[in-house]
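Here is a colleague's note on the structure shown below. Please read the points in order with the model open beside them.

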Amino acid sequence: MRSRNNQFVIRLSDQEMKSLSKKVQKTGYSREHYIRTLLDGYVPHEMPHADYHAWRKALHGYTAELRNLAALARLTGSIDGDKYEEHYKAMADYCVSVYEILVPEKCSDYDKLNVKKK
C-alpha cells in the first residue's frame, strides 16, 4: 500500500513551470522528489559537473604524491625540492583549469589560488 495517499493539483504559469523544470533538471531529481525535498526544509543542490569524479581522482593523485614526498622528507630530513615543486605546480595548474571551467566568469581571478596565469 502507498504511504503517500494524498494528492494536490497546483496550477503554474508557463514561466513558473519553466523555472521549476529548470531547477528540477539541475538536481537530477523527479519533480515530486524535488518538491518533497523542499517541504522537508532542504534546498536541493545541483548535480556536480560531469567531470567531477575525474577531477577528484586527479587531485587525489597529486595530493597523494605530495603527501608521500612530505613523509619522505620527515624520515630523511631532506626533501627533493625540484620534485616537490614540479608536483605542486602541476596540482596548482590543474586547480586553475578546474576553476576556469567551474567559474568561467571569474577565470581572471587567480589570486584565490595564488597561481599566476601562464
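1. Start with Leu12, which sits in the segment before α1. Helices here are DSSP runs of H or I with at least four residues, strands are runs of E with at least two, and both are numbered from the N terminus. Leu12 has 36% relative accessibility, so it counts as partly exposed. The cut-offs are these: buried is under 20% relative accessible area, exposed is over 50%, and partly exposed lies in between, with a 1.4 Å probe and protein chains only.

2. Leu12 also belongs to a surface patch. Together with Phe8 and Ile10, Leu12 makes a nonpolar patch of about 330 Å². Patch members have over 30% relative accessible area and no salt bridge; like charges are joined within 9 Å, and nonpolar side chains (Val, Leu, Ile, Met, Phe, Trp, Tyr) within 5 Å. Areas come from the Shrake-Rupley method with a 1.4 Å probe, and for residues only the protein chains shown count as cover.

3. A word on the basis of this note. The model is predicted: local features need pLDDT of at least 70, side-chain atom pairs count only at pLDDT 80 or more, and totals for chains, interfaces and linings use all residues. Residues are numbered from 1 along each chain as its sequence is written, and side-chain values use heavy atoms, leaving out hydrogens and water.

4. Now the whole chain. It has four helices and zero strands. The pattern along the sequence is α-α-α-α. Of the 118 residues, 17% are buried. The chain exposes about 10200 Å², and carbon and sulfur atoms supply 53% of that. Among contacts (heavy atoms within 4.5 Å) with a separation of 6 or more, 28% join residues 24 or more positions apart.

5. Helix α1 covers residues 14-27. Its 14 residues should span 20 Å at 1.5 Å a residue, and its end C-alpha atoms are 20 Å apart, which agrees. The expected span is 1.5 Å times one less than the number of residues. Just after α1, Gly28 takes a positive phi of about 85°.

6. Which residues of α1 are buried? They are Leu20, Val24 and Thr27. Seen down the axis of α1, the buried residues fall within an arc of 55°, so they line one face of the helix. That arc is taken from the directions from the helix axis to the C-beta atoms. An α-helix has 3.6 residues a turn, so residues three or four places apart point the same way. The cover over the buried residues of α1 includes α2 (31-39). On the other side of α1, Asp14, Gln15, Lys18, Lys22 and Gln25 are exposed.

7. How many salt bridges does a search of the whole structure find? It finds one. The side chains of Glu46 and Lys26 meet in it, at 3.9 Å from N to O. Glu46 lies in the loop between α2 and α3 (52-76) and Lys26 in helix α1, so the pair ties together parts 20 residues apart in sequence. The criterion is a side-chain nitrogen of Lys or Arg within 4 Å of a carboxyl oxygen of Asp or Glu. Glu46 is exposed at 54% relative accessibility. Lys26 is partly exposed, at 41%.

8. Helix α3 has 25 residues, which should span 36 Å at 1.5 Å a residue; its end C-alpha atoms are 36 Å apart, in agreement. Trp55, Ala64, Leu66, Leu69 and Ala73 are buried in α3. Just after α3, Gly77 takes a positive phi of about 80°.

9. Finish with Lys83, in helix α4 (residues 81-102). Lys83 is partly exposed, at 34% relative accessibility. Not counting residues up to four places away in sequence, Lys83 touches Glu65 and Leu69. Lys83 and Glu65 are 18 residues apart in sequence and 9.9 Å apart in space, C-alpha to C-alpha.
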